[in-house]
Amino acid sequence: MPETTQVFRIVIHGSVEDVWREITKTDEPIACFFNSRMEVSALRPGSRLAMRTPNSAYTGVVGEILEVRPYRRFSHTFRFTHLNEPACKVIYDLEPVEGGVEFTLTIEALPVGTKSAKQMVQGGPMIVKTLKAVIETGRPSLGTRALFALFRAMQPFTPKKCRTEHWPVAELPASKEPIHE
């Protein structure tokens with residue numbers, strides 16, 4: 001299957017420490033990641049990662065951490081739990097620039113023509129814009145907050161295979177995927 005790479009870049013007026021904290025925090029939802037809560041066994045290469053709903057009832061994304069270079073780069077594999085499609089790789093690069101941080105989201109090995117590719121390409125601009133808004137103003141835009149409210153309202157319609165109990169983090173060896181109902 002052919003693959004593509006997508007790159008999304010923005011300059012954020014804030015500190016590299018604040019941007020890093022926002023994209024790697026595990027103690028509260030991450031607005032720029034569609035208000036998901038990141039769960040990891042440890043923030044180091046080889047650890048499993050899951051992006052869960054704020055109440056942790058459902059898991060939307062799973063992956064494995066590939067690289068952690070504080071204040072410079074964070075990368076992991078990425079696979080939507082509701083789709084039976086190959087994983088891709090996401091890379092978050094932070095580069096200090098005059099007046100702030102250049103933030104680059106790179107998506108590699110994205111299978112062309114898949115639902116995952118469509119969702120990733122549509123989501124990339126929202127991720128970088130929301131991260132910029134959160135760092136610069138303290139919160140996402142009104143439109144993004146409305147989208148989060150819609151996500152909460154739609155949660156009961158999430159496929160059963162996305163329930164968090166099917167996507168443990170610490171219990172699984174990095175090379176195995178869970179069995180779905």
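**Figure 1. Cys88 and Cys32 in a predicted model.** Cys88 is buried, at 5% relative accessibility, where buried stands for under 20% relative accessible area, exposed for over 50% and partly exposed for values in between, computed with a 1.4 Å probe on protein chains only. Cys32 is likewise classed as buried, at 2% relative accessibility. The model shown is predicted, so local features need a pLDDT of at least 70 and side-chain atom pairs count only at pLDDT 80 or more, while totals for chains, interfaces and linings use all residues. Residues are numbered from 1 along each chain as its sequence is written, and side-chain values use heavy atoms, with hydrogens and water left out. A disulfide is a covalent bond between the sulfur atoms of two cysteines. In this analysis a disulfide is a pair of cysteine sulfur atoms within 2.5 Å, and a search of the whole structure finds zero of them.

Figure 2. Ile127 is found in helix α2; helices (H or I, at least four residues) and strands (E, at least two) are DSSP runs, numbered from the N terminus. Its relative accessible area is 12%, and Ile127 is therefore buried. Apart from residues up to four places away in sequence, Ile127 touches Cys32, Phe33, Phe34 and Leu105, contact being heavy atoms within 4.5 Å. Between Ile127 and Phe33, which are 94 residues apart along the chain, the C-alpha separation is 6.2 Å.

**Figure 3. Lys129 in helix α2.** Helix α2 spans residues 115-137 and includes Lys129. Is Lys129 buried or exposed? With a relative accessible area of 56%, Lys129 is exposed. Thr144 lies 15 residues from Lys129 along the chain, and their C-alpha atoms are separated by 9.9 Å.

**Figure 4. The crossing of helices α1 and α2.** Two packed helices are described by the angle between their axes and the distance between the axes. The axes of α1 (residues 16-24) and α2 come within 10 Å and cross at roughly 125°. Axes are lines fitted to C-alpha atoms, for helices over the stretch in contact, with angles running from 0 to 180 degrees between N-to-C directions. On the α1 side, the contact is made by Asp18, Val19, Glu22 and Ile23, and on the α2 side by Leu131, Val134 and Ile135. These residues divide into five nonpolar, no polar and two charged. Ala, Val, Leu, Ile, Met, Phe, Trp, Tyr, Cys and Pro count as nonpolar, Asp, Glu, Lys and Arg as charged, and the others, Gly among them, as polar.

Figure 5. Ser56 has a phi near 65°, a positive value in a residue other than glycine. The loop between β3 (48-52) and β4 (59-69) holds Ser56, which is partly exposed with a relative accessible area of 28%. Where does Ala109 lie? Ala109 belongs to strand β7 (residues 100-111). Although Ala109 is not a glycine, its phi is positive, at about 55°. Ala109 is partly exposed, its relative accessible area being 27%.

**Figure 6. Thr5 in strand β1.** Thr5 lies in β1, which covers residues 3-12, and is partly exposed at 45% relative accessibility. Neighbours within four places in sequence aside, Thr5 is in contact with Thr106, Ile107 and Glu108. Thr5 and Glu108 are 103 residues apart in sequence, yet their C-alpha atoms are 4.6 Å apart in space.

**Figure 7. Val68 in strand β4.** Val68 is found in β4. Which residues does Val68 touch, not counting those up to four places away in sequence? They are Trp20, Leu43, Arg44, Pro45, Arg73 and Phe74. From Val68 to Arg145, 77 residues away in sequence, the C-alpha to C-alpha separation is 29 Å.
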